[in-house]
Amino acid sequence: MSGVYPKDFKYTKTHEWIKVTGNIGRVGLSNFAQDHLGEIVFVELPEVGAELKQGESFGVVESVKAVSDCYAPASGKVVRVNEKLVDSPELINSDPHGEGWLFEMELSDPSELDNLMDVEAYEKFEAEEEAAH
Amino acid sequence: MTGLKKTPLYDLHVKHGGRIIDFGGWALPVQYTSIIEEHRTTREKAGLFDVSHMGEFRVTGKDPLGFLQKAVTNDIAKADVGRCIYSPMCYPSGGCVDDLIVYRLGEKEYLVVVNAANAAKDFAWMTDILEGFPGTRLVDESDGTAELALQGPKAETILQKVTEVDLKAIGYYRVRDKVKVAGRTCMVSRTGYTGEDGFEIFSSPEDAPEIWEALMEAGRPEGLVPVGLGARDTLRFEASMPLYGQELDAERTPLEAGLERFVSLDKGDFIGREALVAQKERGLERKLVGFEMVGRGIPRHDYPILDAAGETEIGYVTSGSYAPTLDKNLGSGYVPVEMSGIGQKIHVGIRRRAVEAVVVRTPFYRRRRPTGA
């Protein structure tokens, strides 16, 4: 799946991504996550103002068959959510790294990003997960 | 996924891109392309399902009718040769052992098709009942039987291309044995689990892959697609067809599940009859309803149902899903009878929040029958 994943994102083992611009991180689900979930029909996003901790569940995405928790890639305060997903959750399937973003957060500890995978590490991790499925 | 049972079509599922899951010990495809697409194509055109995991028992010998009348709740005496009858099968408590279809194939020959997950339990249960019917035989033919379901408005057109029997002569819930489909000997019934017109085709495991391929080939111009278990579940759910383990189980009776028309209390004795008569005389305490979400959220199996104020737990969700044809979030569940009226406001407990819902009429989806049919 080389080339699918943006090079300037960081990735979690639970298949979220974060793209950091200044002090703001935009968060979404990886292509691997959306592909394995199947068509997403419902999203429960955090509220603006919610304080999240790295690794903590911030909401769920639901496919036809399954409910899946999503985990914060970093700690901080939610400043904006992708309202388009309320009516069009399928954007996560069609454009997981772009239009299908979930929310933006103000990072409280940017050093936490060092715990995440860069694109090379994630592509390797994702390939291993794929083989295990 | 080692150690799983495979149907005779397993290699075809893999070849056609089926995403294989463990379904109660069976390796079966949950989807090929997309649950929603497969669902909608079955409603609008046609879908082909591998349901070879289902259990099949043949009943023959001295008194197959007497045996079946004792074992199940519906009146099997109503079945002339070539008729299929849906029925619950109950414990003495009135709770359900399973729900099944009885196919009458001859004067003293019946095939009983049961849920895959219950097949071993059902066979043991029915074997016990058989002790009261010396000379009657019950044979588990599940391993030697493959089953395909061809469902949707184009099903008849497609199947007709590969069989010489006039399918118009096989009416709803009718069965014809020893029919040639794609040159192979099959049993064909006009039954299914989708809410659409369609057929189920029973064959030997050896013949099943060729029948599957012949149907896919014949159905290409009509837009036939293979369909996995995901859409099988959303299709049956939209049509409000019960699923054992969700709407039905050992704790709930067919009366509570709204299946009274499949319970013949006046046919004579059967297992569970006393309990069901008593329950009917007492009046039901709870019953199965369908509901539509008003607030945001998807109800799921085992979520709590709360009252109109969203405060007190009054029941539980048996099935729930985004309904692809209706484009709504729907659920079914058990509630107290006094809260089961159409339009009743209820709530569903979703991740510790009470989300509003309203009781609606079922089935959620009913197909439009062709005029004149």
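Predicted model: local features only at pLDDT ≥ 70, side-chain atom pairs only at ≥ 80, totals over all residues.
Chain B holds an open sheet of five strands in the order 6-7-8-5-9, with antiparallel pairing. The edges are formed by strand 6 (84-90) and strand 9 (136-140), each with a single partner strand, so one side of each has no neighbour in the sheet. From one strand to the next the twist averages 25°. Within this sheet of chain B, strand 5 (residues 55-61) and strand 8 (residues 109-114) pair in the antiparallel sense over five bridges. In that pairing B:Arg58 stands opposite B:Leu111 of strand 8.

Helix 3 (residues 64-71) of chain B packs on the sheet, where it touches strand 5, strand 6, strand 7 (96-106), strand 8 and strand 9. The direction of helix 3 makes about 135° with that of strand 5. Helix 4 (residues 119-130) of chain B lies across strand 5, strand 7, strand 8 and strand 9, and runs at about 170° to strand 9.

Helix 6 of chain B covers residues 208-219. At 1.5 Å a residue its 12 residues should span 16 Å, and the end C-alpha atoms are 16 Å apart, which agrees. Its buried residues are B:Ala208, B:Ile211, B:Trp212, B:Leu215 and B:Gly219. Seen down the axis of helix 6, these buried residues fall within an arc of 100°, so they line one face of the helix. An α-helix has 3.6 residues a turn, so residues three or four places apart point the same way.

Between the chains, eight residues of chain A are in contact with 11 residues of chain B. On the side of chain A that touches chain B, four residues are nonpolar, one is polar and three are charged.

Technical notes:
Residues numbered from 1 in each chain as written. Chains lettered and ligands numbered in written order. Helix = DSSP H or I, 4+ residues; strand = E, 2+ residues; numbered from the N terminus. Expected span 1.5 Å × (residues − 1). Buried ≥ 20, exposed ≤ 12 C-beta atoms within 10 Å, placed from the backbone. Arc of directions from axis to C-beta. Contact = placed C-beta atoms within 7 Å. Nonpolar A, V, L, I, M, F, W, Y, C, P; charged D, E, K, R; others polar. Pairing = 2+ DSSP bridges. Axes fitted to C-alpha atoms, helices over the stretch in contact; angles between N-to-C directions.
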